[in-house]
Structure formats: C-alpha cells, structure tokens
Amino acid sequence: MALLTLSACSPSASNQTSPTATGTSSPQASPRFAAYVAADFATALAWSPDGRLFFAERAGTIRTFDGKTSRVFATVSASTSGERGLLGLAVSPSFQTDHFVYAFYSRADDQSRQRVVRWSDQGGTGSSLSTIIDNLPAGNDCCHKGGRLAFGPDRKLYVTLGENHVAADAQRTSSLRGKILRYNPDGSVPGDNPFGSNNPVWAIGLRNPFGLAFSGDGMLFVTDNGPSGDAGTPGSGWDEIDHVVRGGNSQWPTCYGNSIHLQGAQCVGTPPTYQSGSTTLVPTGATFVSARGPAGYAGDLVFCSYSQSRLKVLSPDGVRLLFDGPRCQLDVKEGSDHALYMSDASAIYRLGA
C-alpha cells in the first residue's frame with residue numbers, strides 16, 4: 001500500500017494517553033503519553049549516545065532534537081513519488097569515535113534507483129557526505145521500496161528492500177529485490193554472507209519490509225506488508241512479522257500469511273511468527289523494548305500500524321499480539337531515558353514515566 005495514498009488519508013492525532021487491551025494480556029501500568037516534537041512525516045528515528053534524537057522526514061530532511069531545540073542535520077534530494085522518500089536512518093554503533101550517521105533515500109534524479117549515504121556529525125551538522133551503497137532498485141511503479149536501516153549486534157548494516165512489484169525476484173538470490181541486505185559499515189559486502197562473498201543478500205522472500213528490530217540476544221525480526229490483491233490474493237490483511245535468520249526465506253510469493261499457498265508447487269521457506277489474518281495493519285517501524293522500558297512494555301516486541309495508527313505490542317518471541325498501545329504510524333525507538341518514542345505524519349510522541 002503506497003505511503004502517498006496512506007498519507008493523504010492519515011487519521012488526525014489522538015489524545016489517547018493509555019493503551020487499550022485487545023489480546024490475552026494488558027499493561028500493568030499506563031505510562032504518560034505526550035507529544036515530544038513536531039515532525040513532518042518522520043519515517044525513521046535513531047538515537048545518538050549523547051541523547052539526541054535524530055529523525056528523518058520523508059521529503060528529505062534529517063533533524064535532531066535535544067529536548068529543547070530542533071535543528072537541521074542534513075538534507076537529501078529525495079523523490080516522494082508513491083512509497084519513495086527518505087525512508088531509513090541509523091547511527092553508527094561506533095558513533096562516539098567515528099560520528100557517522102546513515103540514511104536511505106529514493107533518488108529524485110532517477111526514481112528507479114535508491115541509495116544509502118553517510119555523514120560525519122560535526123558540531124551537530126552533517127558533513128563529509130559520501131554515498132556508500134548506490135543503485136539499489138526502486139522500480140518504475142508506486143510501491144514496495146523498503147528502505148529501513150539498522151545495525152546488528154555484529155556491527156553490520158542491515159537494509160530492507162521491497163520487491164518493487166516484481167514478486168518473482170523475491171525468491172532469486174541474484175536479485176536485491178524483496179530482501180534483507182547486509183553490508184559492512186563502509187558499504188562493502190561481508191565475506192561471510194550466505195549467498196557468496198560478493199552478494200549483499202542476507203535473507204529472501206519478502207514483499208515490502210518496513211521495520212527491522214534486533215532483540216537483546218541478537219534475533220532479527222522484520223515487519224512485512226501483506227499481499228494487497230497481488231496475484232489473486234485478498235485485497236487487504238495478511239500483514240506479517242518474520243523472524244529472519246542467515247539465508248532465511250520468508251516465503252513470498254510462493255505463499256502469504258500463515259503459509260497460504262499462492263504460487264509454485266509448494267510453500268518454500270518459513271512462515272511468519274505472527275500474521276494479521278484478514279485485519280489490515282500496514283506494519284512499519286519496529287523495536288524490542290529493553291527490561292528498563294515503560295511499565296507493561298518491557299521485553300516485548302512493538303511495531304507501528306499505519307492503518308490503525310496504533311502501537312502493536314507482541315510477545316518477545318513475536319508470536320502473540322498482547323495489546324494495543326498509543327498512537328504510532330511510522331517508527332518507534334527506545335530513547336536513552338528508556339521511554340518509547342514513536343512518530344506519525346505530524347509529530348513524535350513520548351511514552352514513559
């Protein structure tokens with residue numbers, strides 16, 4: 001489902017201050033939920049070790065907020081056609097020494113291509129811009145661009161890429177479409193990747209992955225958007241949370257949802273840990289909440305639902321939907337103060353004591 005279409009029908013901001021139970025469990029307390037800083041479609045959030053929130057606005061601006069002042073860190077020339085835009089953001093795990101900030105965006109000068117760039121933070125401003133990964137496919141139609149970034153516990157850079165409505169490519173290890181990609185921090189390919197030392201592909205079989213989350217013990221989960229009528233599938237629902245492993249396969253397009261057969265002789269790969277059935281969620285950003293996170297959320301896997309404008313809270317294994325949290329559409333991250341910060345089309349919010 002295209003972000004352009006979704007943003008046009010975005011619900012108005014909610015005044016909700018406490019979660020609503022919808023599953024088998026509910027939070028033990030109701031942390032305070034309040035607006036934190038205004039933001040224009042903040043697609044991705046990241047925290048630096050010095051306590052600044054970095055946020056990427058889809059139209060091409062990266063800003064920082066220190067709790068008092070919002071300032072421009074850097075800008076890129078991003079296309080916002082369809083689901084394109086400035087879509088991903090990550091702070092280097094070695095930020096205190098290298099000062100690197102990374103971003104993923106769809107190129108305005110060539111809408112069929114996307115890139116990952118890197119700046120050095122110099123006095124709060126991005127300098128020494130370099131392109132570390134270029135010519136990632138965006139396709140020629142509206143949708144399925146991926147674009148999330150995250151550093152894993154192995155200090156490698158993980159990148160999501162949608163299948164650009166070329167579903168068959170999601171099963172081809174020679175194609176970057178419909179994949180989780182893994183790179184060294186300088187954009188080179190690690191020699192221990194599963195499909196060859198020159199192949200950035202880490203895992204296959206994804207349709208439109210919008211969120212990456214690493215657990216405290218190193219497990220990787222990804223949010224993947226449902227089939228939306230592709231190849232005769234239902235026109236809504238069947239959004240997924242997938243546990244991603246080295247060389248793993250999340251089934252698309254041989255199957256969707258909970259191994260519902262679609263193409264080929266049989267399903268290949270591993271079914272999702274959670275799927276939404278006929279309910280449409282449009283899952284986006286995700287994170288694991290640490291043991292010091294807000295009461296009732298600690299240890300759980302959380303992700304934003306664009307269509308429902310709610311934070312969805314899952315069990316730590318990504319299997320059970322526990323309850324709905326407050327407003328969240330685009331991304332969620334735990335801050336240095338262990339509150340949760342989450343974004344929608346107009347603001348970033350804080351959930352904590």
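Which residues is Phe 73 in contact with, leaving aside its neighbours within four places in sequence? Select Phe 73 and find out: the partners are Phe 54, Ile 62, Arg 63, Thr 64, Val 101, Trp 119, Asp 121, Gly 124, Thr 125 and Gly 126. Contact here means heavy atoms within 4.5 Å.

Before moving on, a word on the model. It is predicted, with local features needing pLDDT of at least 70 and side-chain atom pairs counting only at pLDDT 80 or more, while totals for chains, interfaces and linings use all residues. Numbering runs from 1 along each chain as its sequence is written, and side-chain values use heavy atoms, with hydrogens and water left out.

Stop 1: Strands (E, at least two residues) and helices (H or I, at least four) are DSSP runs, numbered from the N terminus.

**Stop 2: Ala 46.** Go to Ala 46 in strand β3. Ala 46 is buried, at 8% relative accessible area. Beyond four places in sequence, Ala 46 is in contact with Arg 52, Leu 53, Phe 54, Leu 89, Ala 90 and Val 91.

**Stop 3: strand β12.** Select residues 157–161. Five of the five are buried, so β12 is largely enclosed by the rest of the structure. Leu 157, Val 159 and Leu 161 point one way, Tyr 158 and Thr 160 the other. In a regular strand the side chains alternate between the two faces of the sheet. Strands pair if DSSP finds at least two bridges between them. Ala 150 has Tyr 158 as its bridge partner, and Leu 161 has Lys 179. In the β11 and β12 hairpin, look for Arg 155, with a positive phi near 65°.

**Stop 4: strand β22.** Select residues 301–305. Here too, five of five are buried, so β22 is largely enclosed by the rest of the structure. Leu 301, Phe 303 and Ser 305 face one way and Val 302 and Cys 304 the other. β21 pairs antiparallel with β22 over four bridges, with Ala 286 opposite Phe 303. On to β23 (residues 310–314), joined antiparallel to β22 by five bridges; Cys 304 has Leu 311 as its bridge partner.

**Stop 5: the largest pocket.** Finish by selecting Trp 47, Phe 151, Thr 287, Lys 333 and Glu 334, which lie nearest the centre of the largest pocket among its 34 lining residues. On a 1 Å grid over the protein atoms alone, a pocket is an open set of points where a 1.4 Å probe fits, with protein on both sides within 12 Å along at least five of seven lines; lining residues have an atom within 4 Å of a point.

How values were computed
Buried means under 20% relative accessible area, exposed over 50%, partly exposed in between (1.4 Å probe, protein chains only).
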